[in-house]
Amino acid sequence: DTSNIQWENFLPLLKESESKGGKNLIVGDVKQSIYRWRNSDWHLLEQVPSAFPDARLPLMKKNFRSSAVVVRENNALFSAYRDQVALLMDKNFPSEHSYGDMIRHLYSDERMHQEPVKSFGGRFRLQFFEGKREEVEAASLDAMLPLLQELQAQGVTMGHVAMLVRKRNEAQQVATFLTAHGYQVQSADGLLIEAHPAIRLLLAILQTQNDPENALLRYQIAQLLGHEPTQEEQDSIYRARSLALYDQVQALIDDLHLPEWENSLPYIQAFQDCIYHFIVTHVADVTAFLDYWEHHHNSLTISTPDTDTAIRIMTIHASKGLEFDHVIIPFLSWPLAKTHADDILWCVPKEEPFNRLPIVPVNPTASLMGKSLFAEEYAQEMQSQYVDNLNLTYVAFTRAVRGLYAFGMSAPQLKTK
C-alpha cells in the first residue's frame, strides 16, 4: 500500500544500496492493497522485477496464522471468487487485451494458495439471508447472538473475538446492538454518544429552549421519558434554563435521575466531557452548542474499555496486519464497483480536437462504456475497483486464527455469459 511518490523516494535509495553491494528486502502482497483511496498503487509491486532484474521473488507458500480449515476454505473460496470476478470483468469490458487476466494473475493459485502450518482445528461458516437490506442486516445481527453464546460455551473469551465491518456507521450499528444485549465492546468507531436515549432526551430538552412550541420535540421528550412530563419534571426543566450550559445539563441529569437509566453512565460522562471541551474553546451558549452538535454528532463516540472481556469492533481497513482468534463479518455485502455523481476520473484525450487539452475531468459513469473516447480509462478504473473490493474481502477473511464467520445477503449467481 505504497503511493507512487513514496516509491519514487524509495527507489533511488534502493538503487544506490544495490550498486554498493547492499542487500534489500521488499515485502508486499498485492491482494492486501486496500488503500487506493489514499493514493496507494497496487501496480507498484508488479514493477519490482523490471526495476531490479536480478531480484529473487520468493512467494510465501506457508500460512503461519490460521487453522488448516480457515486456510483451505479461503484457498477454495478465493479461487472461485477470482474466476467469477475475472469473467464478469471480461463480459462488461470486452477488449483485445483481457482486463480479467490481471485479476487471474494477481489471484493465481501459485500466488494465493498456501499450506497451513497450524495443526489445531478451526471453523469456517458463511450464512446468507434473503430480503431487503434492512431485513438482511437485522437477521445477520440476530444470528450473531447464538454464535457468541456458542463461543462462550466453548470457553472463548470475548476479547478474542473481532467484528469487522466496512464502514464506521456499521461499527456503530453493531456496537449499539451488542451493548443492548449485555456485551462489552471496544471500538474506536463503535458507540455514538447520541445512541443512548438519555442523551437524546437531554438534546431534545436543550432544543426546546430555541423552539418551545415545537410539538415534535415535546412528543419526543414524552416518548423518551416513557410518559408525559410530570409537574415536577417540568419544573426541573424550567429551572435548569437559568443555568449555564454545563450546569444546566448537570441539573437535568440529576433531577431526571438519568444515571439510573440502564447502561447510561458511559454515555452521560462522554456527553459531559463533550460539553466541557466545547465551552473551553467556544461561547458557552446552548444555541452554539446545538449547532456544533449538529455538525459533529456522527463522529462523537464514547471511549470503550480495552479489556479481555470486550468484543473488538473495527473497520476492515483498521484490521489490516492484525489477527484475532475468531473473526465475525456481520455485513458481508458490498459492491465490486460503485461510482458517485461527484466522482472525477482524470483522463488524457488521445483524439482530435480533444487532445489539445492536456487532461480533462470526466465523471466515471456507465455512459463511458462501449465506444466513448474514454472507454479504456473507464475500464481501467473499474478493474481497479474490482481489485480493491476483492482485496478488501481477502483482508477480512485472512484475519482469523481459529474461526471465520460471515453473514450477508443472498445474491443470484453471477451471470457471465
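Two residues are in contact when heavy atoms of each lie within 4.5 Å. In this predicted model, take the contacts between residues at least 6 apart in sequence: 75% of them join residues at least 24 apart.

## The whole chain

The protein has 417 residues, and 43% of them count as buried. Its secondary structure comes to 15 helices and ten strands. Along the principal axes, the C-alpha trace spans about 80 × 65 × 55 Å.

The largest nonpolar core has 63 residues. Leu-178, Phe-271 and Phe-289 have the most contacts inside this core. Take Phe-271 and set aside its neighbours within four places in sequence. Phe-271 then touches Ile-193, Ile-199, Leu-202, Leu-203, Val-249, Phe-289 and Trp-293. A second core is separate and has 40 residues, including Met-89, Tyr-378, Tyr-386 and Ala-396.

## Two helix pairs

Two packed helices are described by the angle between their axes and the distance between the axes. Here are two such pairs.

| Helix pair | Residues | Axis distance | Angle |
|---|---|---|---|
| α8 and α11 | 197–208 and 245–255 | within 11 Å | roughly 125 degrees |
| α6 and α7 | 133–153 and 168–180 | 11 Å | about 50 degrees |

Start with α8 and α11. Their axes cross at roughly 125 degrees. Angles from 65 to 115 degrees count as roughly perpendicular and those over 145 as roughly antiparallel, and α8 and α11 are therefore oblique to each other. Their crossing is right-handed. On the α8 side, the contact is made by Leu-202, Ile-205 and Leu-206. On the α11 side, it is made by Leu-245, Gln-248, Val-249, Leu-252 and Ile-253. By class, this contact has seven nonpolar residues, one polar residue and no charged ones.

Now α6 and α7. These helices pack at an angle of about 50 degrees. Angles under 35 degrees count as roughly parallel, and the roughly perpendicular range starts at 65. That makes α6 oblique to α7. The crossing of α6 and α7 is right-handed. From α6, the contact uses Glu-137, Leu-141, Asp-142, Met-144, Leu-145 and Leu-148. From α7, it uses Gln-173, Val-174, Phe-177 and Leu-178. By class, the contact of α6 with α7 has seven nonpolar, one polar and two charged residues.

## What surrounds α11

Which residues of α11 are buried? They are Leu-245, Gln-248, Val-249, Ala-251, Leu-252 and Ile-253. These buried residues pack against α8, α10 (231–240), α12 (265–281) and α13 (286–296). One of them, Val-249, is also in contact with Phe-271.

Most residues other than glycine have a negative phi, and most peptide bonds are trans.

Asn-39 is not a glycine either, yet has a positive phi of about 75 degrees. Asn-39 sits in the loop between α1 (4–19) and α2 (48–51). At 58% relative accessibility, Asn-39 counts as exposed.

Glu-352 and Pro-353 are joined by a cis peptide bond, with omega about -5 degrees. Pro-353 belongs to the loop between β8 (345–347) and β9 (360–362).

## Two more residues

Is Gln-114 buried or exposed? Gln-114 has a relative accessible area of 15% and is therefore buried. The cut-off for buried is under 20%. Gln-114 lies in the loop between α5 (109–112) and β2 (115–116). Leave aside its neighbours within four places in sequence. Gln-114 is then in contact with Met-60, Lys-61, Lys-62, Asn-63, Val-71 and Asn-75.

Pro-146 is found within helix α6. Its relative accessibility is 44%, so Pro-146 counts as partly exposed. Pro-146 and Met-158 are twelve residues apart along the chain, and their C-alpha atoms are separated by 14 Å.

Conventions
Residues numbered from 1 in each chain as written. Predicted model: local features only at pLDDT ≥ 70, side-chain atom pairs only at ≥ 80, totals over all residues. Heavy atoms only, no water. Axes fitted to C-alpha atoms, helices over the stretch in contact; angles between N-to-C directions. Helix = DSSP H or I, 4+ residues; strand = E, 2+ residues; numbered from the N terminus. Left-handed = near helix turned anticlockwise from the far one by under 90°. Nonpolar A, V, L, I, M, F, W, Y, C, P; charged D, E, K, R; others polar. Core = buried A, V, L, I, M, F, W, Y, C linked by side-chain atoms within 4.5 Å. Buried < 20%, exposed > 50% of the residue type's maximum accessible area, 1.4 Å probe, protein only.
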